[in-house]
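Hi,

Here is the structure I promised to pass on. My notes on what turned up follow just below it.

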Amino acid sequence: MTAVLTPALLPAVADFVSRDRQLLIGGAWVDAASGEKFETVDPATGEVITRVAKGTAEDIDRAVAAARAAYEGPWSRMKPNERERLIWKVGDILSERAEIFGQLEALDNGKSVAIATAVDVGWSADVWRYNAGLATKIKGSSITPSMPFAPDGQFHAYTRRESLGVCGQIIPWNFPILMATWKLAPALAAGNTVVLKPAEQTPLSALLLGEVFEEAGFPPGVVNIVTGFGDAGAALSAHMDVDKVAFTGSTEVGKKIVQAATGNLKKVTLELGGKSPNIVYADADLEAAVAGSVAAWMFNHGQCCVAGTRMFVQREIFDDFTQAVADAAAAAKIGPGLDPTTELGPLVSQEQFDRVNGYIQQGLASGARALTGGNRWGDRGYFIEPTVFVDVEPHYSIVEEEIFGPVVAALPFDDEEDVARAANNSIYGLAAGIWTKDLSKAHRTAAAVQAGSVWVNQYNGFDTALPFGGFKQSGWGRELGDSAIDAYTQVKSVNIAL
């Protein structure tokens, strides 16, 4: 079918979406076994972009079989430095085609094309190169055993860190190319093969990435991509020949992943929901704190697991600071992601629009007051005005639950103990922000807050070398840094009697 195009599309992007897209299984692009397809939609207009193969359990079976054959075949015989070169090449190709990937991401997801190109694709290239280097640095250690039950013996003992096998990876729609990269790059560096299931809302950049693997020279079956809905993800999670499943998404679905994985007790890593506190002390650099606090919950249209959507502001500056945040948010330019000047794009789907709007209405009905926003923006697409709530109580749904949209709830606090207690009053523990000029106070608060990542005088302070993951119901395990390799390997102990 012919996609609905705009003049702004690059020729490579227009060509990519002009044809129905297939699954990547065993190095070949194939239709779903059922022959079914589904539409992927531009969230800025609600118009169909193109159609994508609708994979099901039968396709997951085919993909897992292909991944197993590749794992037991050419991939396991490949030297670490050969894997390193292939993985590095993916990073280079992403850098070369950053504008193409960025525009495709903006079209399919709705995010700013400028952010998608610079952050999502640019950072992805960096993550591929970082993990390429790790492929040759996976090592064990030698140990001198005591062997108390064989006091006269001599022994040589060491450990090996080995790959897991076939990994199932299920990625979300908010950062499609970046989340695919976070999972694929370390899994491949460690020597595993993969079946990747992208989110049905945003499948296109993962499919374009599949073409990159072919061009880079990966053996067939090392990376398989099955697009589809929740039934495909469930089949992958429960598959008896999958050795590990990695998932990024909601806590509710994460719990279902864990249940599905019990059949063969496959290893599981989960990066789940958040309701992150962003703490602003009265002694902060307030100009920087306002800008950073807006970005904390408006970045990626609020569709960010680490979004600082509980904004705790010290009482003596509460009114002025929250109004400044509301004014800055209200001034943001709203528009389609393909417009490089857009600062706030649409939500990803009608379903997500309804969810976020529902929370806004709940907040207003509970008695919260919107300093700005609270309404739909425009008459087409899935746009929501940035919304700043005050006069909220800790038990309000807009304070307790993950909204995943451009909505923040502001609460006053008095002192360090008060805010630490309030910040930790959540089932989540993914991230936190702290704004203060007092270094000692920053360290004390960082230690007190229950979160996997704490950013001081900044927000979204990610780095490829820093491990990322959550406390409590925000997940299991860590991504990025050396920790990502740990998540895709297992340790074997070898003890030799001499």
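E271 sits in strand β11 (residues 267-271); strands here are DSSP runs of E, at least two residues, and helices are runs of H or I, at least four, numbered from the N terminus. This is a predicted model, with local features needing pLDDT of at least 70, side-chain atom pairs counting only at pLDDT 80 or more, and totals for chains, interfaces and linings using all residues. Residues are numbered from 1 along each chain as its sequence is written, and side-chain values use heavy atoms, leaving out hydrogens and water.

An unreviewed UniProt entry annotates E271 as "active site"; such annotations may be inferred rather than shown by experiment. E271 counts as buried because its relative accessibility is 4% (buried is under 20%, exposed over 50%, partly exposed in between, with a 1.4 Å probe and protein chains only). Leaving aside residues up to four places away in sequence, E271 touches F247, T248, G249, C305, L430, F468, S474 and E479 (heavy atoms within 4.5 Å).

E479 also pairs with K183 in a salt bridge, 2.7 Å from N to O (the cut-off is a Lys or Arg side-chain nitrogen within 4 Å of an Asp or Glu carboxyl oxygen). E479 is in the loop between β21 (475-476) and α16 (481-487) and K183 is in helix α6 (residues 176-189), so the bridge ties together parts 296 residues apart in sequence. E479 is buried at 10%, and K183 is buried at 1%.

The whole structure has 22 salt bridges, and D20, K37 and R51 are linked in a network of them.

Cheers
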